[in-house]
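This report looks at one residue and its surroundings, and then at the packing of a pair of helices.

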Amino acid sequence: MSHGSPFPFPSARERAVLAIHEAVAAGRMHVVHRRRHRHGLARLNLAGSCIRATLRSLHARDIRAGPLRDHHDHAREVWVFGPVIEGVEMYVKVAIGRTSPGGLPQVVVWSFHPAMHPMRA
């Protein structure tokens with residue numbers, strides 16, 4: 001729930017972050033392996049486990065875009081985050097879906113690498 005918000009219900013941004021946290025904690029996460037992920041993590045001297053830890057620490061304030069349409073699965077929403085890790089702004093793009101309609105959240109990590117340019121909030 002939003003701190004200081006007069007509304008008792010979480011915003012779409014907060015619901016997205018909560019769904020990511022729940023999916024990652026339950027192991028319902030898939031990372032699409034791309035060369036840019038490996039190179040970005042190696043450049044920062046970070047392990048692949050950093051992806052899971054970063055997703056679990058995301059906040060609504062880290063969102064840079066979303067919800068966007070997932071061109072691979074229209075039932076999922078895509079969100080773009082710009083968290084800072086070790087002083088480096090990252091580009092993190094995830095799709096949030098459900099295991100079934102109304103089911104448990106699951107996450108697909110499409111991108112996880114240093115941002116190629118400064119990201120705006």
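## Surroundings of one aspartate

Leaving aside neighbours within four places in sequence, Asp70 is in contact (heavy atoms within 4.5 Å) with Arg76, Val78, Ala95 and Trp110. Asp70 lies in the loop between strand E2 (63-69) and strand E3 (77-81), strands being DSSP runs (E) of at least two residues and helices runs (H or I) of at least four, numbered from the N terminus.

With a relative accessible area of 1%, Asp70 is buried, a term that stands for under 20% with a 1.4 Å probe and protein chains only. The Asp70 side chain makes a polar contact with the side chain of Arg76 at 2.8 Å, where a polar contact is a pair of N or O atoms within 3.5 Å, one able to donate a hydrogen and the other to accept it, and residues adjacent in sequence count only if both atoms are side-chain atoms. The side chain of Asp70 also reaches the backbone nitrogen of His72, at 2.7 Å.

## Basis of the values

The model is predicted, with local features needing pLDDT of at least 70 and side-chain atom pairs counting only at pLDDT 80 or more, whereas totals for chains, interfaces and linings use all residues. Residues are numbered from 1 along each chain as its sequence is written, and side-chain values use heavy atoms, leaving out hydrogens and water.

## Packing of two helices

Helix H1 (residues 12-25) packs against helix H3 (residues 49-56) at an angle of about 140 degrees, with the axes 8 Å apart. The contact is made by Ile20, His21, Val24 and Ala25 of H1 together with Arg52, Leu55 and Arg56 of H3.

Note on methods: Axes fitted to C-alpha atoms, helices over the stretch in contact; angles between N-to-C directions. Buried < 20%, exposed > 50% of the residue type's maximum accessible area, 1.4 Å probe, protein only.
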